[in-house]
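Here is a short walk through one protein chain. Keep the sequence and the 3D view side by side as you read.

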Amino acid sequence: MPILFIGIPLLAVVVLNIPSWGDRRSALWAVMAAAPIQVALAAWDAYCCLRTGMPVQSSFFGDFSVDLFSAVVLCIIGLISGVTVIVAHSNIQKSRFSFGNAMLLLMMGMNGVVMVRDVFSLYVFIEVTSTASFLLIAINKKRDGLEGAFKYYIMSAIATVLMLLSIVFLFALVGDTSFQSIAAYVAACGGQYSPTLLTALILFTVALCIKSGVVPFHTWVPDAHSSAPGPVSVMLAGVVIKVSGVYALMRIYRDVFLCNADLGRVLTVLGLVSIVVGALGALGQSDIKRMLAFPASARSDTLCWARPQAPPLALWARFSTFLTMPPLSLCCLWIPPPSFPKPVLGTWTKWGAWPRRCPSPALAVFWAFCPWQAFRPFRAFGASY
């Protein structure tokens, strides 16, 4: 049942915060248990979708739906969350209990974003994801982490206001917030949008572009990601931005505004500009984490596939590619194994002769950069074509 993707992390948070709970270190173990359960449930839902040809529905405490692509995204969320919390055992020394609780809330929020089928519930789960992200960025309570979390908070607050205004306009026009009702109203307009509907479209698109870190709303991304601990950086760049930003934007574009041609052209331009600006911004960085945090092609080029003539299968295949490959490489670049020297993730000048002293980790870093360069066979070129 889709409700389990929400209920299991939420139940784990409630149980962990019982006042009489003795072992405060068990929060990470709770995440490690929830992650493989989510992967198994997502695999089962994918099997059910393939067998019946229909999405798995649930109307218990909300309207949730899991189609084949949603099941793939849910599986990836569970996989990356499990890998992140495993490495956090050695990278997060303090506040492990808070880290585990925030990770569970983050999983719940992203699962909700993937499964919901109405715009207000989408807003609620995006805010749950953002709140958990604030806590994780500042988990070490250092100055740079607090600064990065504050910048993320300010930009997210702006996106929240825009999204709420858009939902108010849509509800005033349609009288409902479900994807199906709004899509039916948009189809009835026949391309002749009223000023209110056009305003709602613009506000919702801008809000999700801020969440996605798309140029020109990308200024918070390098500070937030580079100041966060390594495991948190992998979650943010690997799945959080992609699910709460790009995935939500793709769903709204396809399922609510029915592949509006003008919106598709705007998203195409934003994707192309993000590629250029992100690449140029990365060239000027000396810090490795900050360089990887820029919205380069591995994050924003999927928006270029928002053209009305792009087949849905090609869009989802492309999204699956950039959702899976960059997180795997980020696990090598932002979460170094114990054999890596401590300053390896600092500036380029700190690397020194490390590759000659540690050839095996150096080979892992080389492999990690290959997906970003689209080298065969590291990048799924079938999806690109």
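Rings of Phe, Tyr and Trp, the last taken by its six-membered ring, count as a pair if their centres lie within 6.5 Å. Planes under 30 degrees apart make the pair stacked, planes over 60 degrees apart make it edge-to-face, and the rest are tilted. By this rule there are seven aromatic pairs. The model they come from is predicted.

Start with Phe134 and Tyr152. Their ring centres are 5.0 Å apart and their planes stand at 80°, so this pair is edge-to-face. Phe134 sits in helix 5, residues 119-137. Tyr152 sits in helix 6, residues 143-174.

How far apart are the centres of Tyr152 and Trp220, and what is the angle between the planes? The distance is 4.5 Å centre to centre and the angle is 5°, and the pair is stacked. Trp220 belongs to helix 9, residues 220-227, while Tyr152 lies in helix 6, so the pair ties together parts 68 residues apart in sequence. Tyr152 has a relative accessible area of 4%. Buried means under 20%, so Tyr152 counts as buried. Trp220 has 2% relative accessibility, so Trp220 is buried too. Together with Tyr153, the residues Phe134, Tyr152 and Trp220 form one aromatic cluster.

Next comes the nonpolar core. The largest one holds 96 residues. Which members touch the most other members of this core? They are Phe99, Leu122, Phe204 and Ile252. Helix 10, residues 230-256, gives the most to this core, with 14 residues. Look at Phe204 in particular. Leaving aside residues up to four places away in sequence, Phe204 touches Val119, Leu122, Met163, Ser166, Ile167, Leu170 and Ile252.

Finally, step back to the whole chain. The protein chain has 17 helices and two strands. Of its 385 residues, 55% are buried. Among contacts with a separation of 6 or more, 74% join residues 24 or more positions apart. The accessible surface of the protein chain comes to about 16400 Å². Carbon and sulfur atoms account for 69% of that surface.

Conventions. Residues numbered from 1 in each chain as written. Predicted model: local features only at pLDDT ≥ 70, side-chain atom pairs only at ≥ 80, totals over all residues. Heavy atoms only, no water. Helix = DSSP H or I, 4+ residues; strand = E, 2+ residues; numbered from the N terminus. Buried < 20%, exposed > 50% of the residue type's maximum accessible area, 1.4 Å probe, protein only. Contact = heavy atoms within 4.5 Å. Areas by Shrake-Rupley, 256 points an atom, 1.4 Å probe, with all protein chains shown as cover. Core = buried A, V, L, I, M, F, W, Y, C linked by side-chain atoms within 4.5 Å.
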